[in-house]
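User: Hi! I am new to this structure and would like to learn how to read it. Could you take me through a few features?

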Number of protein chains: 2
Amino acid sequence: VLRSSDPPEVIAFHGEPGAFSEAAALAWLGEKRATLPCPSPAEVFQALEAGRAGRGIVPIEHSLTGSEHRTYDLLLKHRLHIVGETYLPIAHCLVAHPGVKLAQIRRIYSHPQALEQCRTFLSQLNGVRSIPESNTSGAVAQIKKRGRMDAAAIASERAASLYGMKVLARSIEDPPANITRFLLLGPEPLAPFPSKKRAETSLVFTVRDLSRQFFSCLSVFALRELPLTKIETRPVRGRLTQFLFYLDIAAPLADPNVEAALAQLRELAPWVRVLGCYPEAKRA
Amino acid sequence: VLRSSDPPEVIAFHGEPGAFSEAAALAWLGEKRATLPCPSPAEVFQALEAGRAGRGIVPIEHSLTGSEHRTYDLLLKHRLHIVGETYLPIAHCLVAHPGVKLAQIRRIYSHPQALEQCRTFLSQLNGVRSIPESNTSGAVAQIKKRGRMDAAAIASERAASLYGMKVLARSIEDPPANITRFLLLGPEPLAPFPSKKRAETSLVFTVRDLSRQFFSCLSVFALRELPLTKIETRPVRGRLTQFLFYLDIAAPLADPNVEAALAQLRELAPWVRVLGCYPEAKRA
C-alpha cells in the first residue's frame, strides 16, 4: 500500500522530454521528480509492472476531443491502480526550425489528438498536409533531426525550447478551453481514505444486455444518490453485444454508501473491478 | 422522404477505390452502384449535403477496436439521417509491390484502426515501423505511386488487385472476428416503418448530470422494456461535465412504446435528436 508521503519515485510518461504528460507530472508533483520517457502508452504500463518506474502518468480525457480510449483499454489489460488525477490546460504551439516562416510550411506533424484539437487553425492553411505522429514532442525531435525546413510540429512551448526550435504560433487550439485530465498510476492502491474526504472512485464492470441489466446496475448508484462524474462505454473486444462500463464516482471507496452499492453491483453484473480511489482534483 | 425502392443513387465513401467502406456499399446495395471517393469522413457528410451524392456510407463500430468516435461527432455536427446499417467481416491483407518479400519491409502504412486491428501480427515483425495514414486503400495507392520497395500497406485484397499490387499475407487481423458495422446516410429520413417490422432507431440526447438526470432518462426505455443495443457516451465538446448519449433501440420509431418513451425523454433531457429509423441488419 502506497502513501502520498512516500519518497519520490520515477514517473513514466508517453512521449519524449517536453511532452504534455511530463509537464503535467512535474507541475503536479514537483519539478525535481525524475521522469522516464516511454515510446508508447502501453510501455508506460509495462515500465510500472517491471518496476522501472514507481508511478505512471497517462491522459484519460480531453475537453475538446473526448476520452483517450487507448488508456481505458490499457487500464483493463493491466493490473495497475489509479492513485491520483490532475487537470492541465493544454496550449498548443506550432514549432519549426529558427528562421522558418509560416508560408514555407507544407507538412505539420503531431499526435492525432493535437491535430484534432487544432482543427480550425489547420483548416485555414492552404496546401498543408497534417501527418499523425505517435506523440507531440517526438514530432519536434524528428523535424529537428532531419533538418526539415518545410515542416512544423504541434507541441508544447517547452518542447520547442528543449530542442532549440522556434514557436511560429501560440495557442492554436480551438476554443473554448483545452483541458486534459491525467491519471497517476501505481503498482499498489492508495491506503484507504477517510470516508469524509473528497475523493474519486473509478471502477469498471461488464453487462450482457443494455436494457434491464444495465439499468439495474446503474440503479445501485442512483438510488443511493451517489454522484457519477463519468461514464465511458466500450464494447468487449471481439463482441459487438457485450459492453464494458467505466464509472467515476465522486465519493471515497470507504463511504458506506459506496461499499453497499459495490456489494449490490457484484450481485448484478457478471464482472466488476475497482480501478482505484484517489483524492479528487480541482477541475481547471 | 426516401423509399428503398427509389432509383440508385451515387454513394459517397471515405477513402480511395478498394476501401472497405466502398466494398460494404457494393456488397450491400449492388456492384453496379456508382461510388464517390472522399478524402475524409467529413467530406462524405459534405458530399451529401451538397447533393453530390444521394447516399453516404460510414463505419460506426468495429468488433475489435470499438466505436468510430469521429463518425459520432459528424452525425451530431451535420443534419443528415441514418437510413440503413450493415455488417461486413473485414479481412486485412499486407500489400506490397510484386516481387517484394516480407523480410524487405521496413514500414507499414494504414489507417490507425487497421493497424490496431492487426496488433498481434505487427508485434511479431522486428524493426518495422507502423505509420498511420488517413485510409487503407490510399496507403496502397501511395506505395504504388512512390515505387517504395521497403514499404507495405494494410488494406483489402480488392485494393491490392485494383492497384496491381501483391498480397504478402492474408487475414492478418487479430482473432476472434473482425466485423465492422457501417451506417448508410441520406439527406432525408426513410418513410415511417410499420410498427411490427424489425428496425433500429438511433437517437442522441444530452444530460447535465450523470446521476439523477441520466438515470431518469434511461428509465423511460427500461421501464417500457425497450431493448437498447448500443450506448455511446461523449463529453460535450469543450466541457468535461456535460455529456452526450447516443442510443440504439431495437424497435421502430412508430412503435407506440418508442413514441411514448421519446415524449417522456423530451421532458427530462435538455436536448434530444432522432438520428434515424432503419431496417435492422443481421449481425454478421
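Analyst: We will look at a sheet, a loop residue and a helix. This is a predicted model, where local features need pLDDT of at least 70, side-chain atom pairs count only at pLDDT 80 or more, and totals for chains, interfaces and linings use all residues. Residues are numbered from 1 along each chain as its sequence is written, chains are lettered from A and ligands numbered from 1 in the order in which they are written, and side-chain values use heavy atoms, leaving out hydrogens and water.

User: In what order do the five strands of the open sheet in chain B stand?

Analyst: Strands (E, at least two residues) and helices (H or I, at least four) are DSSP runs numbered from the N terminus, and two strands pair if DSSP finds at least two bridges between them. In chain B the order is β8-β7-β9-β6-β10, with mixed pairing. β8 (129-132) and β10 (166-169) of chain B are at the edges with a single partner strand each, so one side of each has no neighbour in the sheet.

User: How many bridges join β6 and β9 of chain B?

Analyst: Three, in the antiparallel sense. Cys93(B) stands opposite Ala155(B) in β9(B).

User: Is Glu133(B) buried or exposed?

Analyst: Buried means under 20% relative accessible area, exposed over 50%, and partly exposed in between (1.4 Å probe, protein chains only). Glu133(B), in the loop between β8 and α6 of chain B, has 15% relative accessibility, so it counts as buried. Contact means heavy atoms within 4.5 Å; leaving aside residues up to four places away in sequence, Glu133(B) touches residues including Arg129(A) and Tyr109(B).

User: Which residue follows α6(A)?

Analyst: Gly147(A), with a positive phi near 60°.
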